[in-house]
Amino acid sequence: MRKNIVAGNWKMNTTLEEGVELASSINDALKGKKHNCDVVICVPATHLVSVNAVIEPETVGLGAENCSEHEKGAYTGEISASMVASTGATYCILGHSERRQYFGENNEQLLKKTKLALANGLTPIFCVGEMLEQRENGTFNDVVRSQIEALFSLPIEDFSKIIVAYEPVWAIGTGKTATADQAQDMHANIRMAIREKYGDVADDTSILYGGSCKPTNARELFAKPDVDGGLIGGAALNADSFMGIIEAFD
Ligand code: PEP
């Protein structure tokens, strides 16, 4: 059975001290309580080791926001999947629209990153999503389908470890959320594409929605049958609002 997941994406926010405090507050707020979803925080690479020291793995999962498409070597400034795994992190966001848009990441690189993440025991949170223009000119289903198809050379046992995040670019950090129906339609399309390639794995794949998700709209989004949780940016930077989203599953 697929899992409900709420994952935070801190992006390039928080100093180390602020990040450790935030992670610790989230862990404390969740500790000992039963919630109907797994919780993950994806934090800047500089914070991974320190954050890992203040969270309990059974309470909050830890992830990075990116990893290199190269295994190791002369790639100054890059962080490999094995380095991420060595911090104790077990998740890694890949293909976030900001990486695609500002750092030119393409499908070929993302497949390499995904393979390295998996080979190092990390669970990829693989992001897909269309730009505003593609939403408006009606190509959004094809765009997102081709982004997910970029992983379809993976063997079934590898693809089955992936979490997908649908994040319409026009909804990220803009305050403009996709309606619950728009999210459901796209999630169902993504699941259909996965089913055509990998059969029943589609039923077990968690597909998260991301894009201005807040405590006020999370419940409606998560109530949709193909929306299995959220990848949360801005609202993950405050323990109360992040908790409000987690509680939308209660
Ligand atoms: C994100 O960047 O993954 C995201 C969903 O951001 P926000 O929630 O701020 O729109």
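Me: What makes the span of helix α1 (residues 16–30) close to the one expected?

Reply: In this predicted model, α1 has 15 residues and reaches 21 Å from its first C-alpha to its last. The expected span at 1.5 Å a residue is 21 Å, and the helix is close to that value.

Me: Why are the buried residues of α1 said to line one face of the helix?

Reply: The buried residues are G19, L22, A23, I26, N27 and L30. Seen down the axis of α1, they fall within an arc of 130°, and they therefore line one face. An α-helix has 3.6 residues a turn, so residues three or four places apart point the same way. On the other side of α1, E17 and E21 are exposed.

Me: What covers the buried residues of α1?

Reply: The covering elements include β2 (38–42), α2 (48–54) and α12 (239–246).

Me: Why is D226 called buried?

Reply: Buried means under 20% relative accessible area. D226 has 13% relative accessibility, so it counts as buried. D226 lies in the loop between α11 (215–222) and β8 (229–232). Not counting residues up to four places away in sequence, D226 touches R2, Q184, H187, A188, R191 and I207.

Me: Why is N36 called partly exposed?

Reply: The class lies between the buried cut-off of 20% and the exposed cut-off of 50%. N36 has a relative accessible area of 40%, and is therefore partly exposed. This residue is found in the loop between α1 and β2.

Me: How do you know that the side chain of N36 makes a polar contact with F249?

Reply: A polar contact requires N or O atoms within 3.5 Å. The side chain of N36 reaches the backbone oxygen of F249 at 3.0 Å.

How values were computed. Residues numbered from 1 in each chain as written. Predicted model: local features only at pLDDT ≥ 70, side-chain atom pairs only at ≥ 80, totals over all residues. Heavy atoms only, no water. Helix = DSSP H or I, 4+ residues; strand = E, 2+ residues; numbered from the N terminus. Buried < 20%, exposed > 50% of the residue type's maximum accessible area, 1.4 Å probe, protein only. Contact = heavy atoms within 4.5 Å. Expected span 1.5 Å × (residues − 1). Arc of directions from axis to C-beta. Polar contact = N/O pair within 3.5 Å; in protein donor to acceptor, adjacent residues only side chain to side chain.
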